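Please walk me through this structure in the viewer, one selection at a time, and tell me what is to be found at each stop.

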There are 2 protein chains.
Amino acid sequence: MKIGVRVMPRKEVLDTQGRAVENTLREHGRRLNSCQVGRYVVLDLPDSSAEQAMREAREMAELVLHNPLIETFELEKL
Amino acid sequence: MKIGVRVMPRKEVLDTQGRAVENTLREHGRRLNSCQVGRYVVLDLPDSSAEQAMREAREMAELVLHNPLIETFELEKL
C-alpha cells in the first residue's frame, strides 16, 4: 500500500527555496502571489489494512521524514 | 488559487534520497517495500479561472520546477 507524505515548511519559517523559485518565476514574467517548496515522500508499505499502513506511515514521518521545529506534514493514501 | 505540483524522480533514475530514507527506516526496524523522495511545490496564483490557473501552473512546472530528464510532475488543485 502506498502512502504519500507531504512535508512543508512552517509558515513562520523562512522558506529560502520557495523565495528562490518565486523570484525565478517572476524574472520569467510569471504572475504569482507566493510559492512554498517542500518534500514529497512516497512510502510503499507491506500489505496490511489501510488503517495500519496510515499509522505506520505517521510514525515514520514523525521519526525521520520531518523536522517538527520547522516543518509540518500531511499523509494521503495513494 | 493554490495549485500543488508534485515532482518525483523517474523510475529509471537512481533516487539517492529515497534509498537513504529507506535504509534509515530499516535501521529503525521499520518494514517497507520501497520509498521515493521528491519535491512538492505549492503555487499561489492570482485569481483566475481554475482552468487558467492549471494551465499557468503547468507552464511554470515545465519551465523551472522540474527537470524532464530525471523527473516527472503532477498537478493538483488545493
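The tour goes from the whole model to the relation between the chains, and then to a single residue and its surroundings.

Begin with everything shown, and keep in mind that this is a predicted model, for which the scores are ipTM 0.91 and pTM 0.92. If you then select chain A and colour it by confidence, you will be looking at an average pLDDT of 95, with 100% of the residues scoring at least 70.

Next, display chain A together with chain B and superpose one on the other: a rotation of 180°, with 0.0 Å of shift along its axis, brings chain A onto chain B with an RMSD of 0.0 Å. The two copies are therefore related as by a two-fold rotation axis. To find where chain A approaches that axis, select Arg39(A), whose C-alpha lies 2.1 Å away and which comes closest among the residues of the chain. Turning to the interface itself, 100% of the interface residues of chain A are interface residues in chain B as well, so the copies meet through the same surface.

Now move to strand E3 of chain A, residues 71–77, and pick out Glu74(A) within it.

Definitions and conventions. Residues numbered from 1 in each chain as written. Chains lettered and ligands numbered in written order. Predicted model: local features only at pLDDT ≥ 70, side-chain atom pairs only at ≥ 80, totals over all residues. Heavy atoms only, no water. pLDDT = per-residue confidence, 0-100. Least-squares fit on C-alpha atoms with pLDDT ≥ 70 in both. Contact = heavy atoms within 4.5 Å. Helix = DSSP H or I, 4+ residues; strand = E, 2+ residues; numbered from the N terminus.
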